[in-house]
Amino acid sequence: METKMIERVSRKVIKPSSSTPQSHRRYILSSFDQMMSPFYASCAFYYTNPGHRNISSIAQKLQNSLSNALTHYYPFAGRLVENNYIDCNDQGVEFVEARIHCPINDVLNSKSTYVVDLIFPRMASPNEDCLVAFQVSYFECGGVAIALCISHKIADGSTLYTFMNNLATSTRLSSQVPTPLLLSDSIFPCGNDIVPRPLNPTENCVSKTFTFPASKIEELKSKAIELGISKPTRTEVISAFLFQCANNCGKFRPSAMLTAINLRPLLGLPQNAVGNMFSSYFCIIEDERMEFPAILGELRKEKLKFQTLPKEKLFFASQMQELGECLMENNQGCRSEPEVYFCSSAVGFPRQNTDFGLGKPVWMFTFLPEPKNSIFLFDSPGGEIEALVIFEEEKMSAFQNNQLLLSFTSVKHKSKL
């Protein structure tokens, strides 16, 4: 089926436009980087290209900009060595061009992620050592998709979107990519024998994307304000609302919500600081009658407490250890294991301005092979927010039929993992 839908017309390796100095050859991983599982985080941007701009010219400019950018982001062109460092040997990143044999609207209107996944180079990459890969996909109608896959060993969501946005600006304006701050292990030193955190098995899991229209988000915010929450954000109300809906699927059991947080503002670092600079805080819910405004209040309280922690307590592993201890204490005497959910938000990241010279994207899609009970939030054009939810099939069946959830959302893409 793939060969009928897609034709990959070229594959090349893009190397830095100038050699990396020998003094920069070894880029030491931070303890955060070491802890990350070695999978690709992926994002894609779709453009209808109504002005019928010269696509081949833009693709060539993108390759030139990427080559120049890699002189500053030189670890991206290197190779990982034993979960300790990157050998910055300028071996380069993959760049694939492909033709998709359907109009772009077939993908935008699809209810399955199969066609969506075809635009990611991870589907084609034969080189598992490559840390970064691009794919430019051309649709029959003249539309374009530009996708990036990047190893989670060297980048979190902030790095991914900042890099892509800067690269787009450089391609459009023929300008230089801003020089990033390469942290290496200067904040969180490289450790000995740190084992990457395993991903929970995703067998029998499905992912679905639920879309919250702007009007429904405002409705949720208004309800939270009525119940005493001051200035709730879009991310806060949606994450708490989804937590409530997840807790109401089947028989209730105590549950915890881990919420990812960008550490850059807390540590006084710029947004273009490269690496994995995130952690999480958590709250535990033991009352099945608790509605989302009260859950939001608990999440906000835990976030404020997290922001006062000393640096050594910010480490993700420290939070996971504390969560485990709290769950064991709260679960004494209970027969069933508590549910643990993970929520990460890219709302507010510079995704919608990612213009390579094709105008602003009409849609963005992110693929993250994360474990079950994961929720990812992304903003979309028009003020919408999309929630990518990963649950086991049985739980998803109950979740997607939750009448409260359906009154605020619609389902877009779905896929079995």
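Residues are numbered from 1 along each chain as its sequence is written. In this predicted model, local features need pLDDT of at least 70, side-chain atom pairs count only at pLDDT 80 or more, and totals for chains, interfaces and linings use all residues, while side-chain values use heavy atoms, with hydrogens and water left out.

**Whole chain.** Select the protein chain. It has 13 helices and 18 strands (DSSP runs numbered from the N terminus: helices H or I, at least four residues; strands E, at least two). Of its 417 residues, 55% are buried (under 20% relative accessible area, 1.4 Å probe, protein chains only).

Next, select the open sheet of six strands. Its order is β1-β6-β7-β8-β3-β15, and its pairing is mixed (strands pair if DSSP finds at least two bridges between them). β1 (6-14) and β15 (363-367) are the edges; each has a single partner strand, so one side of each lacks a neighbour in the sheet. Neighbouring strands are turned by 15° against each other on average, direction ignored (axes are lines fitted to C-alpha atoms, for helices over the stretch in contact; angles run from 0 to 180 degrees between N-to-C directions).

Zoom in on β1 and β6 (residues 93-100). They run antiparallel, joined by eight bridges. Pick Val 13: its bridge partner in β6 is Glu 94.

Terms used: Buried < 20%, exposed > 50% of the residue type's maximum accessible area, 1.4 Å probe, protein only.
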